[in-house]
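Trainee: Could we go through this fold together, beginning with the sheet and then turning to the helices?
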Amino acid sequence: GYLTLDMLAQLYSEGHDVIPHGEFAMSSFVSSDAAIADIQTNAKFLLEKGYTRGSTVYVYPQGVWYLSSSDRMSIIDYLKSAGFSHAFVASGSTDSNTRGFGKYTIARYPVNAAVNTTTLLSTLDMAIESGQDMTIMFHAIVASGAAGDAALRSDVAAILDGINTRVLAGKCDVVSPSYNLF
C-alpha cells in the first residue's frame with residue numbers, strides 16, 4: 001500500500017538505494033532459521049528485480065535486531081556470513097553505533113509524526129559539531145494525517161531543505177545507505 005513496483009523502479013533509477021527490510025521484528029520469529037528465511041526472501045526479491053545497489057545493507061524491521069534476550073547474535077552472524085556490509089536499527093540516537101556490535105547495529109534517527117522539524121535539525125547540528133554520523137530514516141511519508149511512523153510531506157521537505165542548506169554551507173555530507181561507512 002505504500003509503493004508500487006513502478007514507483008520503486010523509478011526511485012532506483014533516480015539513484016536511491018533499495019534495501020532489504022522485512023515486515024516483522026526479528027523477535028517475532030519462532031527460530032533464527034525462520035528469521036533468516038525472511039531476510040533471504042526480501043533480499044532475493046530485490047535482487048531478482050535488479051536492485052543491486054543497497055543489496056548488502058539490511059534494515060531491521062521495527063528496529064529489533066536480535067531474536068531474543070538469550071540469542072542476540074544469530075541474526076548478526078548470519079548477516080556477516082551472507083556478505084551484508086552493515087545493518088541499520090531505529091534508535092532515535094545520533095550515534096552511528098549504539099548497540100556495541102559495530103557495523104551491524106548502526107543507529108537511525110527516525111522521522112515520524114511526533115518529530116519536530118526544528119528539534120531534528122538541532123540534533124543534526126549537534127551531531128555535526130561533535131563529529132558524529134547521523135542516519136535519518138524516512139519510513140512513511142504522507143500528505144496529511146501523519147501518525148505512528150509516518151511523517152508529513154511538508155515536514156520532510158523542511159528537513160531536506162535544512163539538510164541541503166548545511167551541505168551547501170560545507171558543514172556536512174550526505175551519503176546513501178549503501179556507502180560503506182567502515
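Predicted model: local features only at pLDDT ≥ 70, side-chain atom pairs only at ≥ 80, totals over all residues.

Trainee: How many bridges join β1 to β2, and in which sense do they run?
Mentor: Strand β1, residues 57–59, is joined to β2 by three bridges, and the two strands run parallel.

Trainee: What does the chain pass through between β1 and β2?
Mentor: The chain goes from β1 through helix α3, residues 74–81, and on to β2. This β-α-β crossover is right-handed.

Trainee: And what about the pairing of β2 with β3?
Mentor: β2 also pairs with β3, residues 106–111, in the parallel sense and over three bridges. Within that pairing, Ala90 has Arg108 of β3 as its bridge partner.

Trainee: What is the strand order in the sheet as a whole?
Mentor: The sheet is open and has four strands in the order β1-β2-β3-β4, with parallel pairing. β1 and β4, the latter at 136–138, are the edge strands, each pairing on one side only. From one strand to the next, the twist averages 35°.

Trainee: Turning to the helices, at what angle do the axes of α2 and α3 cross?
Mentor: The axes of α2, residues 32–48, and α3 cross at roughly 40° and come within 10 Å. Because of that angle, α2 counts as oblique to α3. The crossing of α2 past α3 is right-handed.

Trainee: Which residues make the contact?
Mentor: On α2 they are Ser32, Ala35, Ile36, Ile39 and Gln40; on α3 they are Ser74, Ile75, Tyr78 and Leu79.

Trainee: Why would residues three or four places apart point the same way?
Mentor: An α-helix has 3.6 residues a turn, so residues at that spacing point the same way.

Trainee: Which residues of α3 are buried, and what covers them?
Mentor: The buried residues of α3 are Ser74, Ile75, Ile76, Tyr78 and Leu79. Their cover includes α2, β1 and β2.

Note on methods: Residues numbered from 1 in each chain as written. Heavy atoms only, no water. Pairing = 2+ DSSP bridges. Right-handed = clockwise from strand over helix to strand, strands pointing away. Axes fitted to C-alpha atoms, helices over the stretch in contact; angles between N-to-C directions. Parallel < 35°, antiparallel > 145°, perpendicular 65-115°, else oblique. Left-handed = near helix turned anticlockwise from the far one by under 90°. Contact = heavy atoms within 4.5 Å. Buried < 20%, exposed > 50% of the residue type's maximum accessible area, 1.4 Å probe, protein only.
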